[in-house]
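Subject: Structure for you to look at

Hi there,

Here is the structure I said I would pass on, with my notes below it. Please have it open in your viewer while you read.

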Amino acid sequence: MITITDVAKHAGLSRATVSRVINNRPYVSEEKKKLVRNAMDKLGYYPNSSAQRLRNQKTNIIGVLVPRLTNPFFINIIEGIEKIAAESGLQLLICQTKSDKQKELNYFTLLRTKQVDGIILTSLENDWEQFSPYVDYGPVILCNEYYENATVPMIRLNQYEGSYIGARHLIDRGHRKIGYCGGGSTSGLSKDRKRGLKKALEEAGLSLNPNWIFHKRYSIEDGRELMKEITAMEDRPTAIFTNSDEVAAGIIKESKELGLKVPDDLAVIGFDNQPIAELIEPRLTTIDQPSEEIGEKAMETMVAVLNQQKIDTNLKGLNLKLIVRDST
């Protein structure tokens, strides 16, 4: 798909200048107009059904991309988004990506073809560069996950601090062999969680063993399989920090099947403070995230952008908190 970014590169001009030419805006020289039109002809670029007309269309529908609808953390985010959407007379189109890169990108066709007015992304599998061409078609809000180089509003908490306080808790409990289970994406969230863990380890004179780093684990079943992997290791961690309560619950469940005790044989920390954290036995130590409030803020930001109002992405008073239970 040829985009306005491709036209800008071919013409040797900025995307803003190309946009001004396409929309017949003033203050663009004839020379630059000619460069843009030549580039459009050469590349075969045509604004989708006329960018001017599309921008004026309103569907009053917002697309919300989530990785899995079975994860209570994302359901709570949707609850917050829906609350503000209803107050603003907007409807939601919930799109489940199942953490699939191509599926995630495919849903952005909804924005390009103006079937939705904007998109809220609650997770990221692709690099930001894959999404940037679509921002010409409508507002995009990053909610929970983020990229430092993204050019759109980002609603986020301090994930670095969250993993730091979790790792410090394990170190304070006497653990020196700590493993880490992350989602595996290249987003800012994934990087910051890993950085926070490493910082806590470094302060204690420890390092993160590459053999104890596990990626792309999301579900309870993933956690069960991970526990089997850990058990098979000759040199294994005594504690593990996971990226979600579901993975942590799977680890705890499988440990019982293998005749191991949590936290005696393996201490476990989750992330998000989902309901399962209280229901699993032993109860799960985790990092609490105010997920519904994050969703509310994301939708408030979307409404402000749609109405061309001043936006405020600061999550005042909302923090990540360590909830200590029995798994550590």
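Helix α13 covers residues 291-306, and its 16 residues reach 23 Å from the first C-alpha to the last, close to the 22 Å expected at 1.5 Å a residue. Please keep in mind that this is a predicted model. α13 is mostly covered, with 12 of its 16 residues buried. The buried set consists of Ser291, Ile294, Gly295, Glu296, Lys297, Ala298, Met299, Thr301, Met302, Val303, Ala304 and Leu306. What do these buried residues of α13 pack against? Their partners are α5 (72-87) and five strands: β1 (61-66), β2 (91-96), β3 (118-121), β4 (140-143) and β5 (154-155). After α13 comes Gln308, which has a positive phi, near 55 degrees.

β2-β1-β3-β4-β5 is the order in an open sheet of five strands, where the pairing is parallel. β2 and β5 each have a single partner strand because they stand at the edges, so one side of each is left without a neighbour in the sheet. As background, the strands of a sheet pair through backbone hydrogen bonds, either parallel or antiparallel.

- β1 and β2 run parallel and are joined by six bridges; Ile61 has Gln91 in β2 as its bridge partner.
- β1 is mostly covered, since five of its six residues are buried.
- β4 and β5 also pair in the parallel sense, over two bridges, and Cys143 has Ile155 in β5 as its bridge partner.

The loop between β4 and β5 holds Val152. Is Val152 buried or exposed? Its relative accessibility is 12%, so Val152 counts as buried, the cut-off being under 20%. Once its neighbours within four places in sequence are set aside, Val152 is in contact with Trp128, Val135, Val140 and Leu142. Taking Val140 from that list, the C-alpha atoms of Val152 and Val140 are 6.3 Å apart in space, while the two residues are 12 apart in sequence.

There is another open sheet, this one of six strands in the order β7-β6-β8-β9-β10-β11, and its pairing is mixed. The edge positions belong to β7 (213-214) and β11 (321-323), each with a single partner strand, so one side of each is left without a neighbour in the sheet. Within this sheet, β8 (residues 239-242) and β9 (residues 267-272) run parallel and are joined by three bridges. Ile240 stands opposite Val268 in β9. As for burial, β9 is mostly covered: six of its six residues are buried.

Which helices each supply at least two residues of the lining? They are α5 and α9 (188-203), and α9 gives the largest share, with three residues.

Finally, some overall numbers for your notes. The protein chain has 13 helices and 11 strands, and of its 328 residues, 52% count as buried. Along the principal axes, its C-alpha atoms fill a box of roughly 75 × 40 × 30 Å. If you look at contacts in the chain with a separation of 6 or more, residues 24 or more positions apart account for 70% of them.

Best wishes

Notes. Residues numbered from 1 in each chain as written. Predicted model: local features only at pLDDT ≥ 70, side-chain atom pairs only at ≥ 80, totals over all residues. Heavy atoms only, no water. Helix = DSSP H or I, 4+ residues; strand = E, 2+ residues; numbered from the N terminus. Expected span 1.5 Å × (residues − 1). Buried < 20%, exposed > 50% of the residue type's maximum accessible area, 1.4 Å probe, protein only. Contact = heavy atoms within 4.5 Å. Pairing = 2+ DSSP bridges.
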